[in-house]
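Let's walk through this structure together, one region at a time. Keep the viewer open as you read, and turn the view whenever a new region comes up.

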Amino acid sequence: MSEVRYVSRWYLLPLYTYLAVFLVVPLATVVLGAFGISPFIREGGPTLRGFSKFFSQGSRYLESLYFTVWNSTLATLIAVTFGYLFALYLTIRKPSWWGRFSFLPLIAIYTPYLIAAFMWWTLLWPRGYVSLLINGLLQFLGVAKEPLYLVNDPYGIGIIIGKVWYTFTLTFLLTYGPLQLINPEIVEAARVLGASTGTIIRKIYLPLTKYALLASASIVFLDNLTGVSVPLVLGAAWPQYLSVVILNDVTLFIDYLMAFTSGFVYLLLSILAGYFFFRFTMKAVIYQVR
Amino acid sequence: MKNDVKFYDYLVLVFLALFYLLPAAMAVLYALAEKWYFGTDLFPSQLGLGWIAKMISDSYVQRAFLNSYILAPLTAIATVLLCIPPAYYLASRRDRLAMLTETIVNLTIAFPAIVIGTGTLVLYTFLGLRGNLWALIPAHMFFAVPFSLRSITASFMQVPKDLEEVARVFGATRLQVILKVYLPLTWRSMLSAFIFSMAISLNEFVMTLLLGAPSIKTLTIVVYELIRGYAISPPRAAAVSLFILLPSLLAGYLSEKYLRVAISLAGGGR
Amino acid sequence: MVRIELVDIYKGYYGGKVVAADIPYLEIRDKEFFGLLGPSGSGKTTTLRIIAGLTMPDRGKVLINGEDITYLPPEKRGLGMVFQSWALFPHLTVFENIAFGLRLRKLPEEECTRRVRWAAELLRIEDLLDRYPHQLSGGQQQRVAVARAIVVEPKALLFDEPLSNLDAKLREQVRFELRKLQKELGITSVYVTHDQAEALVMCDRIAIMNRGRIEQLGTPEEVYNYPATPFVAEFMGVTTLIPGRIVEVLDPSTALVRVQVEDSDMVFVARTRAEKASVNTPVLLSIRPEIVSIASMEEKLNVVETQIVAASFLGDHVEHIIAIGNYQTRLRTPPNVRFSPGDRVRVKLDENRLFAVPRL
């Protein structure tokens with residue numbers, strides 16, 4: 001290695017200092033606090049009280065955890081499936097309007113989360129246009145007798161719609177690039193050999209963009225799992241996301257022990273998901289270079 | 001045979017346009033709805049700039065506006081500056097420490113904002129930094145750093161190594177090398193990182209809610225208060241939303257046109 | 001038996017401003033190795049893709065053995081195609097690449113293996129079956145691409161400049177191998193290339209294309225020795241074209257004519273195309289270096305006084321650039337014969353091989 005290449009490690013100091021203060025200290029606070037070690041907790045001192053309360057039978061924390069996980073998983077599945085299908089659609093059909101209208105999806109990317117959540121709220125509340133349309137359709141088809149609540153509802157439908165708006169877009173942006181990199185002659189070769197479009201998707205596009213797809217699924221899942229604004233605006237009073245529960249514990253109930261405990265559980269969950277994201281992104285990069 | 005397939009293509013376009021434009025249109029509609037009897041009417045009965053005018057002249061909103069638009073560029077500058085030295089290191093040396101650093105920074109995306117916010121709240125309480133505008137800057141930076149670092153490192157990596165060696169041979173110090181070789185060549189990705197960081201700062205909600213309370217409000221907080229707070233008022237919320245939304249979309253449009261930010265972050269754009 | 005016909009095919013872009021293909025009629029015979037030759041943009045690849053079904057013509061029909069397949073999608077045509085970039089599936093081994101088409105036809109495993117091995121042996125790549133495309137050289141990848149195309153026993157084979165990414169020496173070697181393979185298998189083949197030497201070596205008949213149209217269709221000898229248009233004359237080999245006019249028809253049966261060079265009193269005896277052998281037809285005399293030789297004293301026919309412009313020693317011969325009036329062509333002599341610039345030399349143009357190309 002030439003002498004020029006020897007860059008001093010001190011260059012990393014500012015970044016690590018920042019991380020030490022704004023990452024390590026807060027995390028340590030939460031982790032210690034989860035075990036009861038914090039001046040913010042009355043009767044402080046090492047304890048597992050928080051955990052036993054969190055994991056006790058029928059605790060609202062468990063309920064919230066469960067809701068958070070299944071709701072964000074569902075939102076992820078929907079966003080990733082449709083996002084990838086849309087990217088495939090653009091690649092295979094190459095519609096003529098895509099060049100002129102490719103700015104449309106960027107609206108979702110550049111709209112702040114909270115505002116997006118608010119905008120969907122205006123569309124989904126009982127007098128909102130989308131709600132009226134869908135309920136009208138359902139009643140017309142005779143499927144539902146009573147109007148369905150699409151927002152602030154116990155199933156988190158509103159939350160899913162709000163999240164999908166952004167994450168569907170993210171998925172297709174992240175998978176469109178890798179799809180474009182595939183040599184079009186490979187697809188033509190498969191066609192001449194007898195492959196139908198379905199076969200080409202299964203045997204060419206999917207295998208060659210597998211890691212990009214999984215990487216975007218991971219990033220979308222993380223985003224869905226840990227967000228606050230969307231569940232806060234579009235979710236019901238109950239069940240709620242764990243992030244909202246923590247927010248309430250800090251700002252309303254001033255129950256720091258549970259906030260720290262919930263935070264700790266939340267951290268473990270998201271680190272797990274983050275680990276997979278990292279692994280898949282690395283693989284996606286290596287694959288592409290090949 | 002060809003014609004009805006083209007029809008489906010246009011159908012997709014219509015659906016896509018509705019999917020993205022309808023929500024944005026709602027913000028504008030609500031903001032312009034001076035009179036709207038929700039219970040009975042499908043559309044506002046009177047349109048006008050009333051709510052917008054009201055919100056512009058409201059001192060509470062004005063404070064929040066200032067806070068938002070002071071924080072955003074400061075956060076962006078601080079983020080970019082913070083990222084330059086490590087980007088230089090990461091682009092030059094690919095050793096284990098570099099890999100570790102990248103991993104750690106990438107992992108920060110995984111952490112829930114609310115958890116980081118809670119921890120930082122405790123820290124700030126100790127330091128007496130709650131309700132302090134300037135103290136919000138590092139908090140906002142937290143979510144901008146991973147993306148900026150990745151983007152700037154990637155562009156630093158594309159600077160040919162020979163240029164640095166030539167500069168060094170001519171007697172440049174490392175600082176000069178960064179200032180005179182790397183920065184001029186990578187200004188585009190610096191600008192991208194800057195704009196993206198600004199967007200993240202404007203967008204920021206949880207940290208500001210926790211750390212700025214009770215005195216510091218940004219536009220995002222004001223919108224939230226108008227949706228879920230004590231005085232719920234969708235038209236007011238919509239009007240204030242426009243103060244964030246329109247600049248965000250404009251910045252997005254400009255940066256896509258000239259810098260292709262999202263596309264390159266997404267790995268496409270060839 | 002596989003016969004391919006193109007009838008009234010037309011494909012244009014930008015509202016007709018660019019004509020990609022305009023072919024009133026083309027027939028490719030059974031077991032023929034047919035070449036589509038021309039410069040870039042001549043329409044040869046478009047024509048091939050229309051046969052493959054990858055591009056739809058604006059109008060016209062594609063027939064295989066009389067059956068109209070114009071609107072049949074490519075996956076149902078039963079053809080084989082080798083692409084310019086070879087288009088191997090990067091995520092599959094060589095074996096799986098070759099077996100791809102077979103698997104789609106749901107053949108039993110043993111049959112697949114048997115046929116893949118057969119194709120691999122034919123292309124001499126049996127040892128590479130477990131490798132991945134990125135581990136192979138260009139020449140090996142090209143062979144895998146060919147194996148993959150033939151293993152499904154296609155009705156016909158289509159080649160889109162498959163050798164253009166190989167280095168020159170390898171290209172020459174592979175040309176012979178491909179032709180030998182085609183003759184062995186007896187599969188009707190259509191071969192697109194821009195390299196006229198390649199077409200001459202490999203093809204039974206060649207269609208020379210220019211701007212979407214076929215300028216001439218014939219055997220390699222025909223298109224080289226008897227070009228139908230100036231474009232063909234210039235595209236094949238090296239030539240100097242001198243404008244002139246037919247002043248006398250000497251023998252209609254062999255199309256032997258006398259041509260007067262424009263703005264000059266030089267007159268030459270040449271062959272021309274039978275249908276154009278009439279007085280006053282404007283022509284271009286196509287002088288190829290191989291028909292130029294030093295005239296002996298007794299020679300009178302097609303002898304002209306020329307002046308040496310330049311001379312270069314090329315190892316096995318000496319190449320002279322000579323001036324005939326205002327035009328220049330080449331004279332090749334054995335290495336021991338060398339003239340100097342300025343020298344005057346009497347040369348003879350072989351009257352049996354001098355060709356007068358019809359001019360429009």
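Against which elements of chain C do the buried residues of α4(C) pack? They pack against β6 (80-82), α2 (94-104), α3 (109-122), β7 (156-160) and α5 (168-185), which belong to chain C as well. Please keep in mind that this is a predicted model.

Let's stay with α4(C) for a moment. This helix covers residues 138-150 of chain C, and a simple length check works out for it: 13 residues at 1.5 Å a residue should span 18 Å, and the end C-alpha atoms are 19 Å apart, which agrees. The helix is mostly covered, with 11 of its 13 residues buried. The buried stretch includes C:Q140, C:Q141 and C:Q142.

As background, most residues other than glycine have a negative phi. C:D263, which is not a glycine, has a positive phi of about 50°. You will find C:D263 in the loop between β12 (256-261) and β13 (267-272) of chain C. Is C:D263 buried or exposed? C:D263 counts as exposed because 10 other C-beta atoms lie within 10 Å, and the cut-off for that class is 12 or fewer.

The second case is C:N302, again a residue other than glycine, with a positive phi near 55°. C:N302 sits in the loop between β15 (292-294) and β16 (303-313) of chain C. Here the count is 19 C-beta neighbours inside 10 Å, so C:N302 is partly exposed; a residue needs 20 or more to be called buried.

Now move from chain C to its contact with chain A. How many residues of each chain take part? There are 16 residues of chain A in contact with 17 residues of chain C. On the chain A side, α9 (184-192) and α10 (197-208) each supply at least two residues. The largest share of that side comes from α9(A), with 6 residues. By class, the chain A side divides into 8 nonpolar, 4 polar and 4 charged residues.

Elsewhere in chain A, look for the peptide bond from A:W238 to A:P239, which is cis, with omega near 0°. For context, most peptide bonds are trans. A:P239 is found in the loop between α12 (229-234) and α13 (242-251) of chain A.

A:V130 is another stop in chain A, and it lies in helix α7 (residues 129-140). With 19 other C-beta atoms within 10 Å, A:V130 is partly exposed. Beyond its neighbours within four places in sequence, A:V130 is in contact with A:L123 and A:L124. A:V130 and A:W120 are 10 residues apart in sequence, and their C-alpha atoms are 8.9 Å apart in space.

That leaves chain B. No contact joins chain B and chain C, and their closest C-alpha atoms lie 10 Å apart.

Chain B itself is divided into domain 1 (1-47) and domain 2 (49-267). The C-alpha centres of these two domains lie 32 Å apart. Their contact takes 7 residues from domain 1 and 11 residues from domain 2. On the domain 1 side, α1 (2-32) and β1 (33-35) of chain B each supply at least two residues, and α1(B) gives the most, with 5 residues. That side has 6 nonpolar, no polar and 1 charged residues.

Finally, compare chain B with its record. An unreviewed UniProt entry places "domain: ABC transmembrane type-1" at residues 65-255 of chain B. In the model this span is 81% helix and 0% strand, and its end C-alpha atoms lie 22 Å apart. UniProt (unreviewed entry) also annotates "transmembrane region" at several stretches of chain B, including residues 7-33 and 133-156. Residues 7-33 of chain B are 96% helix and 4% strand, with end C-alpha atoms 36 Å apart. Residues 133-156 of chain B are 88% helix and 0% strand, with end C-alpha atoms 32 Å apart.

Methods
Residues numbered from 1 in each chain as written. Chains lettered and ligands numbered in written order. Predicted model: local features only at pLDDT ≥ 70, side-chain atom pairs only at ≥ 80, totals over all residues. Contact = placed C-beta atoms within 7 Å. Nonpolar A, V, L, I, M, F, W, Y, C, P; charged D, E, K, R; others polar. UniProt positions renumbered as here; feature names shortened; annotations may be inferred. Expected span 1.5 Å × (residues − 1). Domains from an automatic or database assignment.
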